[in-house]
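Work through the exercises below with the model open. Try each task before reading its solution.

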Amino acid sequence: MRRITENTVQDFEMKHIKLIKEVASETTLFLKQNGDFPLASASKIAAFGKGVRHTIKGGTGSGDVHVRDFETIEKALENAGFTVTSKKWLDSFDVVLKETQDKYYEETRAAAIKAGVNPMIYAFGQTSPDPVYDFELSGEGDTAIYVLSRISGEGSDRRNEKGDIKLSDEEIRDILKLNNQYDHFMLVLNVGGMVDLRPVLEVENILLLGQLGGPTGQVLSDVLLGKANPSGKLTMTWTTLEDYPSTDGFGDWNDTYYNEGIYVGYRYFDTVNKPVLFPFGYGLSYTDFEFKSEKIDVVNDDIKVTATVKNVGQCSGKEVLQLYVSLPSVELNQPYQTLAAFVKTPELSPEESADVVLSFKLSDLASFDQEKAAYILEKGDYILRLGNSSRHTEVIGRLQLDKTTIVRQVKNVAAVVDENFSEAQYQVVNRNESFENTPIFQISSDDISTEIVEYIRKNDELLSKGFVHWEDVLSGKYSLEDFTAQFSEEELARIALGHFDETQTDSSVLGSAAVSVAGGAGETSLMFKESHGLPSLVMADGPAGLRISSSYKIINGKIKSTGVSFGDDVIALLGPDLVTEQPSSEEINATEYYQPTTAIPIGTDLAQSFNLPLIELIGNLIAEEMTIHGVQLWLAPALNIMRSPLCGRNFEYYSEDPLVSGLVAAAITKGVQTHPGCGVTIKHYAANNQETNRYTSNSILSERALREIYLRGFEIVVKKANPASIMSSYNLINGQHINNRRDLMTDVLRDEWQFKGFVMTDWLITTPIMLNPNSKYKQASAAGCVLAGNDMTMPGMQSDMDNILEALHNESHPYHLTKADLQAAALSVLSVVKRLSV
């Protein structure tokens, strides 16, 4: 850990900002472009829209990261040599925006105080509405842009209303006027998720810029001037909200029915052949490409496709090739196609070609048969489709499996208990495709191995060998089991909770529960540091960088935050007096230390790059800052499935597709964990797909959908990247909090996937702080977490300690525990402490 005493730009900051800028252009993409851009040079430009001066670098909540400085699009354009000629409009908009925001914050504070609730909790996830206005669209030059911005974040879902999913009347009016008024016009989307663009589709240049962290504005100026060529692809289908099957019933306060089953995103739209605005995998750049399959190699169930990609446009660029497979449907319904592999080309000059390889295992496409409690490959034809979006593919081959094969024999978990649940069974719309001249490759079921999972039985109590110091474990003199066995039930309970003191209250939700790093989200127990030499693991929130305080001082040996760890919206809502305490004279005279961090592109944008090596470099960046600031566990990456555009945290997540989600999360995990002492916490496990009543919302879904869609990405990360820890989600699955479900915490995670780290809860899930009188379900149980295999309850409270001890001494407790259960939880936590000890 480095204590930085100078509030000046550090070498690592400059290095990281440069890397982010290089990465960010690969995440952007054109939804439409007609050749009017790039511009020949920087000259006069009229820039309109809220996002010009109020550019959004990322979302709110845990997705927000404090940075030293952030350059808006306006400033970036000017620094790139442009003259922004629309100052009058921008100034006028600022006035009405401030009036609207001031009114919102004042009314919200007053309502919170009247309700007797902390304003931050009362308004968690809410944002100020945009103003109503009508200003003259004046600005010199023949080029204009309109920057449409949207903010979303933790604690609140999006709405199918004007100013959110839909464009406001003012936005539609101004965009269409500008499109007719200027020779060169571009609509720029500074958004973290889908917006309904139907009213403005006549615009011929639409750039999905996204929210790229620090260099958001610089990337736009580079794209406008052709210094950067967008090469991203959509990781979520963009179309009319009403057409998503997940829209019906989304956001129900208590029970959300996943009636669409496995038909999420393109799996649904492609199956029923419903037109969409912009399909999964789609994205345009300043150039064009052609592709062709060259060779298909099949060895057992390992499939390798070699293809050639050629740049047939006028400038250098990159393309993303995608391989889809249509599975046979014998007893199980199947979507039209499923993504099996993807690859991004190197940068290709005009007329340059490159060979790329897309590979996958057929067994990885196995479907879950609930009656057999097994993953199976059904007999029949597996159609290979190569393309650059889900709607632009060509058939390149057929794999013929001789008989239905069990790939993995498991057991049933998370059974549906709600009689009102019914799952749709969509049929593939016949496209009259002919496969007569398609090459055929035979696959024998004998070449596909069958895994039979064995499940853990009861935990056995460890017997103490006396006092063991942590150094004795690191030296190999004693084992982790020996170290664990020495502790009493009460001491083991402290290890199964985040670090806390007995006077701590639910206010931990407002800032940081860590004591070793200012603004850290939490920390494992420090109780045995002096007596046994056991270090703690400090956690920092993510996933858009390290979310810690910008500065701190050390007062009487204790770290105290002096800078902000909240976003500007929280500060405005609470007021400065509630965010920052008045310092004492001792605090004023103490040395101030600084914790500069880098804001990386939001998760959706990273995934849109489809460039796994580049994403791994982002993980490397995060780990370097973790090491500098003394953080061992990054509470990221977040890889929940984008089930619906309405989810308020989609910007943190990667895709509607579990393969993309899993591979992207695995890449960033590898990047972080190549650094000694650094680990990730993949989250939120699982089926956490709405923010409405997120603490006690019940996700009701079939086991097949759960396993194939909502668990699959987590499985990929666990098996490919060995994450140090996992964070369980707030929601219930089929009537029970997931962190209290042993079938998902232990049977699936540890027995089926062989997960070797520890599991922590999300914050305050075992307290009533966020409960609502309208909630059908109650908070989770800390004892239930231990019994299920959710090893640590965060941030740790005295009430959690009491709950665990009661469960130990009361056999009628619904989650009765033994000492062996507590030892198992502690052992999982301690294994990661050892793994990250450097």
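Predicted model: local features only at pLDDT ≥ 70, side-chain atom pairs only at ≥ 80, totals over all residues.

Residues are numbered from 1 along each chain as its sequence is written, and side-chain values use heavy atoms, with hydrogens and water left out.

**Exercise 1.** Classify the pair of tryptophan 89 and phenylalanine 135.

Solution. 
- Recall the rule: rings of Phe, Tyr and Trp (its six-membered ring) pair if their centres lie within 6.5 Å; planes under 30 degrees apart are stacked, over 60 edge-to-face, the rest tilted.
- Take the geometry: 6.3 Å centre to centre and 85° between the planes, hence edge-to-face.
- Place the residues: tryptophan 89 is in helix H3, phenylalanine 135 in the loop between helix H4 and strand S4, so the pair ties together parts 46 residues apart in sequence. Helices (H or I, at least four residues) and strands (E, at least two) are DSSP runs, numbered from the N terminus.
- Check burial: tryptophan 89 is buried, at 2% relative accessibility. The cut-offs are under 20% for buried, over 50% for exposed, and partly exposed in between (1.4 Å probe, protein chains only).

**Exercise 2.** Is tyrosine 268 buried or exposed?

Solution. 
- Tyrosine 268 has 10% relative accessibility, so it counts as buried.
- Tyrosine 426 is partly exposed, at 22%.

**Exercise 3.** Which ring cluster includes Trp89?

Solution. 
- Ring pairs join Phe48, Trp89, Phe93, Tyr133 and Phe135.
- The whole structure holds 25 aromatic pairs.
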